[in-house]
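Trainee: I would like a close look at the side-chain contacts in this model. Please take the charged groups and then the aromatic rings.

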Amino acid sequence: GGGLLEHMERAILGLPPHAWNAQSIGITVNALARLKHSGGAAYEHLAVAASGLSVQQLDVQAVCNIVNAYSKPVVKQATDGNEAVEALMERLLGSVMDLPPAGFTTQGIALIAKSRLGAQVVGGREALLQRLSAIAQGLGPSDYSIQSVAIIVSSLHGSGGKHESDLLEFFVDVVLSMPPHLVSSPRAIAHILEGYVGSGVDASAVCAYLSSCALEFPPSSFKPQFIAKICRSVVDLGRASEESALLTKMSLAAQTIHCTVPAHTFPATVNEFSARDVGLIASSFTDAGLRDEMLFWHLSAVAQQLPPDAWAPPDLAAVAGAFQGGGVTDRRLFKYLTECSLTLPPERWPPSEAASLLTSLARAGVRDPLAFGQLT
């Protein structure tokens, strides 16, 4: 609770910087992040302490742990613009260039890749990527777990560049070398597939292999966000026809997940859909030209049980466009989407998304003067 966090912060601030070592700093920042501590004073104090550590104290593991800790979303938000933290991150990420490759583990590479990859590194992002690429490829495929591959590949998503391509091509071979029983994580499969989208790297072999592994999982092992990522990635990679069995499995998995509780009167659970999940899944099937009425009726029921404040303009536009484009005219759904659109102020609507929603509603035969007036 708040009292505990306040007590912890006072205790942290009461210890002088020289009393801290690398391990205790990493552990403490991680603990504060897990407790969702939003005060910046403790994080700044620990950053000052970390900046005072000698080169000898900052080995590979220490650097990886501290960088990872300060890259947690709650910590980044609490320390945004903090000069002490920015200086520390610059120093730590820059030190990766000088640390001996032998000290790196696959977990350490994954933590560095995940952590603001080169955003503040001396010499720039490309220099860090080149260094990480050389270190990563110096390790054997058997050194990697599917989870560490997923972290690294997802951190490269959408970045482009030669070193990114080199790493992604390397990890194609790493994944293909893994026996199926080690590819046991729907989350990892989703993140790896997404990481190859738009990369320019031929991912057909890795997509086919991961698809065959995913087919062995029970439908109940897939959470909505993983289903959404897998569907969208398979379609964007141009593999919808080849991996039709996987998309069928994802449809079944989505339909086995119960709809959300009306108005979210109970705490959220891991099995709940978000509006974005609904939009990604529906648009993936529409874009692939797959007509799956059972899936769309299920997604419609899910969508209508999400509260109005769960929707953002991109999600409303995506769901309406997917249902209209897929030829599934659910009057109740379109009416509900229209009502949700009215809860959002006009200034929140980018012109392209407002136009997309209006077009879908018009083509679906929806006539709502109030909504059309507000969005035009």
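Mentor: What follows covers salt bridges, a charged surface patch and a group of aromatic rings. Keep in mind that this is a predicted model.

Start with the charged pairs. Side chains of opposite charge can pair when their charged atoms come close. A search of the whole structure finds six salt bridges. One of them joins Glu 194 to Lys 229, with 3.0 Å between the closest N and O atoms. Glu 194 sits in helix α11 (residues 186–196) and Lys 229 in helix α13 (residues 224–236), so this pair ties together parts that are 35 residues apart in sequence. Are these two residues buried or exposed? Both Glu 194 and Lys 229 are buried.

Stay with helix α13. Arg 232 and Asp 236 both lie in it. They form a salt bridge, and their closest N and O atoms are 2.9 Å apart. The two residues are four apart, about one turn of the helix. Arg 232 has a relative accessibility of 15%, so it counts as buried, the cut-off being under 20%. Asp 236 has a relative accessible area of 43%, so it is partly exposed. This pair also belongs to a network of salt bridges. The network links Arg 232, Asp 236 and Asp 287.

Now move to helix α18 (residues 331–342). Here Glu 339 forms a salt bridge with Lys 335. The closest N and O atoms of Glu 339 and Lys 335 are 2.5 Å apart. Why are the two residues separated by about one helical turn? Because Glu 339 and Lys 335 are four residues apart in the helix. Glu 339 counts as partly exposed, at 37% relative accessibility. Lys 335 is exposed, with a relative accessible area of 52%. The cut-off for exposed is over 50%, so Lys 335 passes it.

Next, the surface patch. Which residues gather in a patch of negative charge on the surface? They are Glu 44, Asp 80, Glu 83 and Glu 86. Take Asp 80 from this group. Asp 80 is found in the loop between α5 (73–78) and α6 (83–95). Its relative accessible area is 69%, so Asp 80 is exposed. Residues in such a patch have no salt bridge.

Last, the aromatic rings. A pair of aromatic rings is described by the distance of the centres and the angle of the planes. The structure holds five aromatic pairs. In one of them, the ring centres of Tyr 144 and Phe 170 are 6.0 Å apart and the planes are at 70 degrees, so the pair is edge-to-face. Tyr 144 lies in the loop between α8 (125–137) and α9 (146–155), while Phe 170 lies in helix α10 (residues 162–177), so the pair ties together parts that are 26 residues apart in sequence. Tyr 144 counts as buried, at 6% relative accessibility. Phe 170 counts as buried too, at 13%. Phe 170 also pairs with Phe 171: the centres are 5.1 Å apart and the planes at 65 degrees, so this pair is edge-to-face. The angle cut-off for edge-to-face is over 60 degrees. Both Phe 170 and Phe 171 are buried.

Conventions: Residues numbered from 1 in each chain as written. Predicted model: local features only at pLDDT ≥ 70, side-chain atom pairs only at ≥ 80, totals over all residues. Heavy atoms only, no water. Patch = residues over 30% accessible without salt bridge, like charges linked within 9 Å, V, L, I, M, F, W, Y side chains within 5 Å. Areas by Shrake-Rupley, 256 points an atom, 1.4 Å probe, with all protein chains shown as cover. Salt bridge = Lys/Arg side-chain N within 4 Å of Asp/Glu carboxyl O. Lys, Arg positive; Asp, Glu negative; His and termini not counted. Charge placed at Lys NZ, Arg CZ, Asp CG, Glu CD. Buried < 20%, exposed > 50% of the residue type's maximum accessible area, 1.4 Å probe, protein only. Phe/Tyr/Trp six-rings, centres within 6.5 Å; stacked < 30°, edge-to-face > 60°.
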